[in-house]
Amino acid sequence: KPNDVVPRANGFAVPKSNAFGQSFRDYEASVRLSIVENTYRLNHINQTYDFLKYAKLNKAEMSIWEAIELLDSFVDESDPDLDEPQIQHLLQSAEAIRKDYPNEDWLHLTALIHDLGKVLFHSKFGSLPQWAVVGDTQPVGCAFDELIVYHKYFKENPDYNNPAYNTKLGIYSEGCGLENVLMSWGHDDYMYLVAKANGTALPSATLFTIRYHSFYPLHKKGAYQYLMNEEDRENMKWVQKFNKYDLYSKSSVRIDVEKVKPYYESLIKKYFPEKLRW
Ligand SMILES: O[C@H]1[C@H](O)[C@@H](O)[C@H](O)[C@@H](O)[C@H]1O
Ligand SMILES: [Fe+2]
Ligand SMILES: [Fe+2]
């Protein structure tokens with residue numbers, strides 16, 4: 001079913017500038033530059049092949065909306081375009097995609113939960129530092145591509161000098177498929193795992209989008225394409241379609257949470273169990 005959805009003519013208008021009146025994803029001129037750069041510096045030094053990956057969902061039991069509310073004061077320190085709490089980002093991107101695709105409720109819910117993995121910062125979820133939760137993602141186990149933002153900081157990553165991991169393919173093979181590629185750890189893989197393990201009724205396009213929406217080095221810059229298989233190339237179109245609403249909905253104009261809550265609660269009910277294992 002999610003095959004040929006077409007955006008509405010008078011839908012979401014892409015703004016020229018971000019929440020600060022600056023151009024989007026400008027890592028050299030953002031007003032948040034020092035805080036953003038420091039988050040990526042720590043990310044690039046510490047995200048190694050061996051860095052922890054959660055396999056077990058034994059941290060909490062709660063509903064999707066309860067998790068959303070945990071983000072009501074969490075500000076993403078990797079984001080040059082927004083310093084609003086992440087609950088606003090979830091609602092802003094969901095409301096934006098809803099404008100273009102009013103009848104595709106699964107897309108609204110995809111946007112609403114795409115960054116919900118950021119609960120990893122919370123004490124109930126292990127209090128992970130920002131560098132292990134947010135930011136663009138990259139494969140580990142092969143060389144760090146120069147197109148990754150703040151690439152220079154990888155020089156201090158132990159994997160950078162490890163001959164097993166620092167060649168173009170590293171431990172992978174051409175066309176092996178992203179499913180077989182280990183990514184740096186963060187909110188993408190975590191939320192993918194949570195949605196899948198709890199048996200969501202959302203389509204595979206949603207799961208793929210959640211899992212790779214931060215893989216800007218690939219979906220925006222074209223790096224690492226040789227790791228994809230045919231299915232990945234098809235699925236990546238969803239990630240690119242979704243990116244418009246993720247990135248360009250960032251704004252300092254807040255959405256009234258209580259006003260839109262009943263609508264999103266109804267979608268959550270349709271596509272998720274009441275309580276999820278996290
Ligand atoms: O700073 C942002 C933010 O952390 C997003 O949630 C992530 O998906 C993007 O890739 C990143 O650039
Ligand atoms: Fe994200
Ligand atoms: Fe996002």
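Colleague: I'm new here, so let's start with one residue. Where is Ser214 found?

Modeller: Look in the loop between helix H6 (204–212) and helix H7 (216–219); that's where Ser214 is. Keep in mind that this is a predicted model.

Colleague: Does Ser214 count as buried or exposed?

Modeller: The general idea is to count neighbours: a residue is buried if 20 or more other C-beta atoms lie within 10 Å of its own. Ser214 has 25 C-beta neighbours inside 10 Å, so it counts as buried.

Colleague: And which residues is Ser214 in contact with, leaving aside neighbours within four places in sequence?

Modeller: Those are Gly135, Asp136, Thr137, Gly186 and Asp188. Gly135 and Asp136 are also among the positions that UniProt, in an unreviewed entry, gives as "binding site", and so is Ser214.

Colleague: Ser78 is in that UniProt "binding site" feature too. Where is the place of Ser78?

Modeller: Ser78 sits in the loop between helix H2 (64–69) and helix H3 (86–100). Ser78 counts as buried because it has 22 C-beta neighbours inside 10 Å. Beyond four places in sequence, its contacts are Val36, Thr39, Tyr40, Gln130, Val134 and Gly135.

Colleague: What about Phe154: why does it count as buried?

Modeller: Because it has 21 C-beta neighbours inside 10 Å. Phe154 is in the loop between helix H4 (105–113) and helix H5 (187–197). Not counting residues up to four places away in sequence, Phe154 touches His44, Phe144 and Tyr160.

Terms used
Residues are numbered from 1 along each chain as its sequence is written. Chains are lettered from A and ligands numbered from 1 in the order in which they are written. This is a predicted model: local features need pLDDT of at least 70, side-chain atom pairs count only at pLDDT 80 or more; totals for chains, interfaces and linings use all residues. UniProt positions are given in the numbering used here, feature names are shortened, and annotations may be inferred rather than shown by experiment. Helices (H or I, at least four residues) and strands (E, at least two) are DSSP runs, numbered from the N terminus. A residue is buried if 20 or more other C-beta atoms lie within 10 Å of its own, exposed if 12 or fewer, and partly exposed in between; C-beta atoms are placed from the backbone. Two residues are in contact if their C-beta atoms, placed from the backbone, lie within 7 Å.
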